[in-house]
Amino acid sequence: MRVRFAPSPTGALHVGGARTALYNWLIARQSSGSFVLRIEDTDRERSTPENVAQVLDALRWLELDWDEGPYSQAERRPRHSEGIERLVAEGHAYLDEGATRLRVPDEGATVVQDVIRGEVTFEHAAIDDFVIARSDGSPLYNLAVAVDDRDMGITHVVRGADHLSNTPRQILILRALGADPPVYAHLPLLHGPDGKKLSKRHGAASVQDLRDAGYLPEAVRNYLALLGWGYDESTEFFTTEELIERFSLERVSKSPAVFDEQKLRWMNGHYLRQLPPEELTRRLEERLGRQGLEPAVRIAQEKMQTLNDFWQLAAFLVEPQPDDTAAWEKVMTDGAPERLRRAREALASAEPFDASSIESALRAVVDELGVKPRDVYQPIRVAISGGTVSPGIFESVAVLGREETLARIDRALERAAA
RNA sequence: GGGGGCGUGGUCUAGUGGUUAGGACGCCGGCCUUUCAAGCCGGAGGACACGGGUUCGAUUCCCGUCGCCCCUACCA
């Protein structure tokens with residue numbers, strides 16, 4: 001099995017293209033076949049080196065490795081020209097105002113055998129003699145695709161449903177060239193939340209955006225696999241090995257899907273929590289360009305859904321805490337300073353200064369004061385973290401260390417007295 | 001306009017000629033007598049786009065309608 005992913009480099013790789021690449025990659029790996037990467041860059045206006053680099057970067061980040069390429073379609077111009085000349089020479093195409101058109105039969109029909117959609121019939125009467133080469137001789141999309149797929153020995157063309165209507169044209173060219181068409185599979189399109197075809201206006205829709213937002217490539221692969229495909233009635237999590245083993249084009253759905261970042265977040269959180277703390281730390285330290293994050297990572301991990309959540313949740317453990325006026329006013333009510341003072345005393349003598357003895361010390365304060373746990377814990381949380389949300393309070397205090405914790409509480413006490 | 005595709009709760013999906021139409025995200029509530037975006041438990045929400053037909057019986061088969069999307073470029 002030889003498949004190809006043939007994006008036109010118009011900018012960042014969007015999730016729709018990423019899913020197409022993933023599906024191709026999965027069936028190539030499943031069949032021990034080849035995954036060919038071909039850049040459809042015949043439109044020089046849009047195909048810049050930067051755009052091509054973005055596509056390659058996105059695929060690398062997703063860890064979808066290709067076996068051949070990237071081939072440049074533009075560089076294959078000589079082959080396209082040969083095809084055009086042959087079609088004209090054999091009477092399958094003709095010149096019209098300088099451009100070259102394919103002669104489409106008036107009668108009959110071309111049937112596309114689609115793995116996902118079954119037989120799709122296109123009457124020739126509804127297909128005009130379309131242009132395959134501009135008047136300057138340069139090849140157009142349908143011609144280039146047909147010639148390249150043939151030359152590259154592509155056996156299965158798996159692409160978006162937006163190409164279904166172009167398929168009979170490509171088959172017509174292939175047949176005129178004396179070639180047998182490959183097997184086709186047209187994937188359902190991805191739409192935005194508004195039901196329209198996914199575009200750049202729909203938020204975090206590119207692979208680049210997902211990486212920047214702190215998603216894990218393995219989670220993105222799992223989520224994307226599920227956009228248009230389902231294995232059974234309840235399995236949602238698949239390792240990449242399982243995807244390779246279980247994926248099948250026959251089970252791909254026909255209807256368009258909407259990219260739902262909420263569900264991706266949920267799934268990403270699941271993957272994040274399964275990562276060994278050392279591994280998560282490694283990724284975070286590399287991403288943030290910092291060292292010594294492991295203690296903070298260990299206690300923040302269970303609440304993170306994306307890598308970016310870490311900083312929001314645990315920055316106070318690594319840097320001076322920011323002030324959050326709203327949190328302060330909500331928590332630092334009448335008796336709060338006194339409760340905080342009592343907590344400070346307990347923390348000053350807790351020994352050793354670890355989560356469990358800190359917990360005992362603070363629970364004792366809660367008992368002595370006869371208040372609700374939160375009445376003691378929240379003022380501490382605001383004092384050390386600046387906000388009302390943080391990892392577990394005992395663990396947070398332990399990671400911060402006695403000296404820094406007491407200093408921050410003292411500062412809060414001063415502020416409360418002022 | 002012509003051609004093509006698609007149509008299961010807000011979203012992603014499973015499914016069958018006879019099921020209480022299954023799972024998940026999200027949402028709501030509760031529990032974790034520390035917050036929470038984490039975890040656990042429970043709940044609301046769909047008669048399967050609509051109308052015919054075939055059938056003892058259709059979400060599942062056929063036809064039509066409607067809606068959405070794609071192609072119809074000397075873009076890809």
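Predicted model: local features only at pLDDT ≥ 70, side-chain atom pairs only at ≥ 80, totals over all residues.
1. Helix H16 (373-385) gives the most, with five residues. At least two residues each are supplied by strands S5, S7 (118-123) and S12 (257-258), and by helices H9 (261-274), H12 (307-318), H16 and H17 (393-400).

2. Polar contacts with the RNA. A backbone N or O atom of Glu 97 lies 2.8 Å from a base nitrogen of RNA strand B, and a polar backbone atom of Glu 233 is 3.1 Å from a base nitrogen of RNA strand B. Glu 236 has a contact through its side chain: one of its polar side-chain atoms lies 2.4 Å from a sugar or linking oxygen of the RNA.

3. Sheet S4-S5-S8. Three strands form an open sheet in the order S4-S5-S8, with antiparallel pairing. Strand S4 (93-96) and strand S8 (131-133) are the edge strands, each pairing on one side only. From one strand to the next the twist averages 45°. As background, strands of a sheet pair through backbone hydrogen bonds, in either a parallel or an antiparallel way.

4. S4 and strand S5 (residues 99-102) run antiparallel and are joined by four bridges. Asp 96 has Ala 99 in S5 as its bridge partner, and Tyr 94 stands opposite Arg 101 in S5. The hairpin has two residues between its strands, and Glu 97 takes a positive phi near 55° there. This is the residue whose backbone N or O atom lies 2.8 Å from a base nitrogen of RNA strand B.

5. The cavity. How many cavities of 30 Å³ or more does a search of the whole structure find? The search finds one, and about 50 Å³ of space lies in the largest cavity. Its lining is made of Ala 12, Leu 13, Gln 54, Ala 58, Trp 61, Val 207, Gln 208 and Arg 211. Helix H2 (49-61) and helix H6 (207-212) are the elements that give two or more residues to this lining. The lining divides into five nonpolar residues, two polar and one charged.

6. The second largest pocket. This pocket has a volume of about 240 Å³. Trp 61, Arg 211, Tyr 215, Leu 216, Pro 217, Arg 282, Arg 283, Glu 286, Arg 287 and Leu 307 line the pocket. Helix H10 (residues 277-288) contributes the largest share of the lining, four residues. The lining has five nonpolar and five charged residues, and no polar ones. Trp 61 and Arg 211 line this pocket and also the largest cavity.

7. Cis peptide bonds. Most peptide bonds are trans, and most residues other than glycine have a negative phi. The bond from Gly 69 to Pro 70 is cis, with omega near 5°; Pro 70 is found in strand S3 (residues 68-72). The bond from Glu 351 to Pro 352 is also cis, with omega near -10°. Pro 352 lies in the loop between helix H14 (336-349) and helix H15 (355-369).

8. Positive phi. Ser 32 is not a glycine, yet it has a positive phi of about 55°. It is found in the loop between helix H1 (15-30) and strand S2 (34-39). Glu 97, in the S4-S5 hairpin, likewise takes a positive phi, near 55°.

Conventions: Residues numbered from 1 in each chain as written. Chains lettered and ligands numbered in written order. Heavy atoms only, no water. 1 Å grid on protein atoms, 1.4 Å probe; cavity = no way out; pocket = protein on both sides within 12 Å on 5 of 7 lines; lining within 4 Å. Points joined across faces, edges and corners; volume = space filled by probe spheres on them. Nonpolar A, V, L, I, M, F, W, Y, C, P; charged D, E, K, R; others polar. Pairing = 2+ DSSP bridges. Axes fitted to C-alpha atoms, helices over the stretch in contact; angles between N-to-C directions. Polar contact = N/O pair within 3.5 Å; in protein donor to acceptor, adjacent residues only side chain to side chain.
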